[in-house]
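Dear colleague,

I am handing over the structure below, and the notes that follow it are meant for someone who has not seen it before. Please read them with the model open beside you.

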Amino acid sequence: MLSFISFWRASAIVLCDLASTAYYIGGIVETAVGKSAPWFILAVMMFSYTIRAVYMESCSMFVRGGVYKVVKEAMGGTLAKLSASALMFDYVLTGPISAVSAGQYLAGLLNALFPHFRIGWHLDPGWFSVVFAIAATLYFWHENIKGIHESSDKALKIMQLTTVMAVVMMAWCGLTLWLHPARLPPLTLNFSPEALGWATKFGWLKPVGAVGVVMAFGHSLLAMSGEESLAQVYREIEAPKMKNLERTGLVIFVYSMLLTSLVSFFAVMIIPDSVRLSQYGDNLLSGLAMSVVGPHWARLLLQVFVVGVGVVILAGASNTSIVGANGVLNRLAEDGILVDWFRGLHKKYGTTHRLINLIVGLQIATILLCRGDVYMLGEAYAFGVIWSFVFKTLAVMVLRFKDRRPREFLVPLNIEAGGVEWPIGLALIFLALLATAAMNLITKKVATVSGSIFTAIFFGMFLYSEHWNERRHANAHSSEEKFNLREENDLAQIRGEFKKERRVLAAVRDPNNLLHLNKALDELNSDTTELVAFTSRIRTGLGLVDEAVTMDAEEQRLFTKVLEVAEKHGKTVTPMLVVSNDPFYAIVQAAQAVGASEVVFGVSTKLSAEDQLERLAMTWGSLQTDNPPVRLRIVGAGVEHAADL
Amino acid sequence: MAWFQKDDVPATPVPGATPSAAAPKAVKIGPLLSEATVLFPAGGLDKAAVLEQLVRAVAAKAGLADPGAVLAKVLEREQGISTTLDTGLSLPHARLVGIDGILAGLAVLKAPLVDPKQPELSIRAVFLFFSPDKREAFPLHLQLLRGVASLFQAPLIERLSASPGPADALALIRHSEG
């Protein structure tokens, strides 16, 4: 079954990544640029609104509008593979940085609590966070093997808890500042030598003030890492998809803007300079909890709460990174870039478990390599996200000229001149991203070196894999879905699995004639109605019972198209294939087995609507002696016949 | 039964009106038949010959002027999609101009016939009917197809074959319908 999630769940998945950065961004950026860090974090969060718009426009063109698809459509396969490789770097690091940061918070809390319980232990935050991060990653690996719906449940609960924490924290910080007013952070930049990277070799850069601003902006950019998950969750968002994506974008913007920016300001304004980076650099919110007004026990309780929530949201970011990376790799696999073996489905859960294993394997390797150093991970982290944004924005801009289909959403600020609509807004976003990415190449040594190596390796792997696939499949390349087939000897067995009060069966045969399915999806209320997309494999003669349940190429193509259509509508559909010697019997048996109150057909090229309905009425009667009503509908272009039996 | 095209009603079911609300009452089959239109043809006939006997019986009962033309109409329909079901029932039918209601006849076969279109199916009973060739009568036409197919299941056909004559067969049908 193909199922979809609400915009709240989608927001929760994205926010697990995006909002979790509030826990470590302040420490990383202040280490790099000094006390003005919150201003740049705020600027990045505001800028993220434009990235949201870029993603919305790309999703309005392609349901699976991730960076790979969009760049490929605009600029070809090579650049698409390159941008997807960069994005993979982002995803592979998102998990570790979040999980390691959670471990750092937990270690900090435990070390603070031990003396209160007269325990003489002191945990090494680095190694403790490594062990914790691996455990958290493995937990979410298991959740993702089970499937996205299960994991979105967890994400939603995590975000509900985070919201409570955020409100308590904001109120407490507000009270603290009201009782002990503090000045806003200064706007002056104070780069650490590490944060300047190779820029020290370019003396002419120093006098140019704007360069420093771009540098600091680049160091803060990882604050909006997570926006890229929008494209991955779009496929899963229920109808109306674009409206719900817009809502998701707004929810994550408001939420992350408030949480990430405010927390960063509060940290600089409330935590004393003497301990902020030295003691709380890797667990800034713990420092904030311990620096607000109130008795020690209350602040300690607040720290316990903050760390508790932090541990779950940061661990949840591991989940989002696995979901996102799995989405990207799935798209690549569907496009023949990864060998088919990776697309094998888990026998029980139907998930692409080998891709998930690959992602989690890389994440665990990263956790071990970083040895718990959050700053190092943060330094490397932004490489993938900025370059994937650069490619994506450029691609969306190129598509404005290359593909002039009307879009449901356009990035604003478009000026018509000389008969051409110029995407000024997109161009400005692209230039800002490109300048930042270029500056990061110079200033972020760790990111440039590790990101380039990782991207090159992934790019090489994609190239080799694609080449191998092409040789293997010769001209038979296709971009079809993998289906998890389950065999049932008795159709009646499946009836109990349909829990909704109403069932509609749409008989499909020709992937190029799904108008009736579109119509059924248009009308479908997924909350109350199950939609079964049914096709029959017609076989005559003996031996039907022993027929193996594997789809042939035609059925594969048909159901791939069915899923595409369902995804476009964001509505749930259950594909069903029945082997029979008579299509009418097959349809009627399936419809009666699922308890369908409506059966929808396309217009036949061989039979008149009357003949179709006559045969269906006869078959329906011969197979059903009781008299539950059914509506038969034949839907074609501009015509519809319906009969209630 | 409701039959409509896009022009008639909105394609989407009206909110609150479930299909069950729109569903018609089942058509009673028994009253459509009489002893004169329930036949027990002799063995050795093919389907076309059985149809001819049935058409003549129904035409005679209803006073149709040109049985030959009516038979031609039935045979023309028989060239289309099969009217024979797995249950052993054949359901030939035609829509005729100039009639106002349903005309029907039944042939119970002591020995099974082979369906010329689907040789793998044996015919044990032939239910022939005519409905008015009017758009508003098509729902009834479909409902009758469903109703007859539903009523004439293999056990009833078996019992009809064993019945001694039209009167008993009719009684059996009416009893089965309740």
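In chain A, the axes of helix H2 (residues 25-33) and helix H3 (residues 37-61) come within 9 Å and cross at roughly 120°, where axes are lines fitted to C-alpha atoms, for helices over the stretch in contact, and angles run from 0 to 180 degrees between N-to-C directions. That angle makes H2(A) oblique to H3(A), because angles under 35 degrees count as roughly parallel, over 145 as roughly antiparallel, 65 to 115 as roughly perpendicular and the rest as oblique. The crossing of H2(A) with H3(A) is right-handed; a crossing is called left-handed if the near helix is turned anticlockwise from the far one by less than a right angle, and right-handed if clockwise. On the H2(A) side the contact is made by Ile25(A), Gly26(A), Val29(A), Glu30(A) and Val33(A), and on the H3(A) side by Ala37(A), Phe40(A) and Ile41(A), two residues being in contact if their C-beta atoms, placed from the backbone, lie within 7 Å. Sorted by class, the contact of H2(A) with H3(A) has six nonpolar, one polar and one charged residues, where Ala, Val, Leu, Ile, Met, Phe, Trp, Tyr, Cys and Pro count as nonpolar, Asp, Glu, Lys and Arg as charged, and the others, Gly among them, as polar. Helices (H or I, at least four residues) and strands (E, at least two) are DSSP runs, numbered from the N terminus.

Before going further, please note that this is a predicted model, in which local features need pLDDT of at least 70 and side-chain atom pairs count only at pLDDT 80 or more, while totals for chains, interfaces and linings use all residues. Residues are numbered from 1 along each chain as its sequence is written, and chains are lettered from A and ligands numbered from 1 in the order in which they are written.

Taken as a whole, chain A has 22 helices and eight strands. Of its 645 residues, 52% are buried, a residue being buried if 20 or more other C-beta atoms lie within 10 Å of its own, exposed if 12 or fewer, and partly exposed in between, with C-beta atoms placed from the backbone. Among contacts in chain A between residues at least 6 apart in sequence, 82% join residues at least 24 apart. Helix H5 (residues 77-113) of chain A has 37 residues and reaches 54 Å from its first C-alpha to its last, close to the 54 Å expected at 1.5 Å a residue, the expected span being 1.5 Å times one less than the number of residues. H5(A) is mostly covered, with 30 of its 37 residues buried.

Some single residues of chain A also deserve a look. Ala43(A), in helix H3, counts as partly exposed because it has 17 C-beta neighbours inside 10 Å. Arg118(A), in the loop between H5 and helix H6 (125-146), has a positive phi near 55° although it is a residue other than glycine, and with 6 C-beta neighbours inside 10 Å it counts as exposed. Arg371(A), in the loop between helix H15 (353-370) and helix H16 (374-402), likewise has a positive phi, of about 50°, without being a glycine. The peptide bond from Ala239(A) to Pro240(A) is cis, with omega near -5°.

Chain B has six helices and six strands, and 37% of its 178 residues count as buried. In its helix H2 (residues 47-62), the end C-alpha atoms are 22 Å apart, which agrees with the 22 Å that 16 residues should span at 1.5 Å a residue. The buried residues of H2(B) pack against strand E2 (38-39), helix H3 (67-78), strand E5 (103-114) and strand E6 (122-132) of chain B. Just after H2(B), Gly63(B) takes a positive phi of about 75°.

With best wishes
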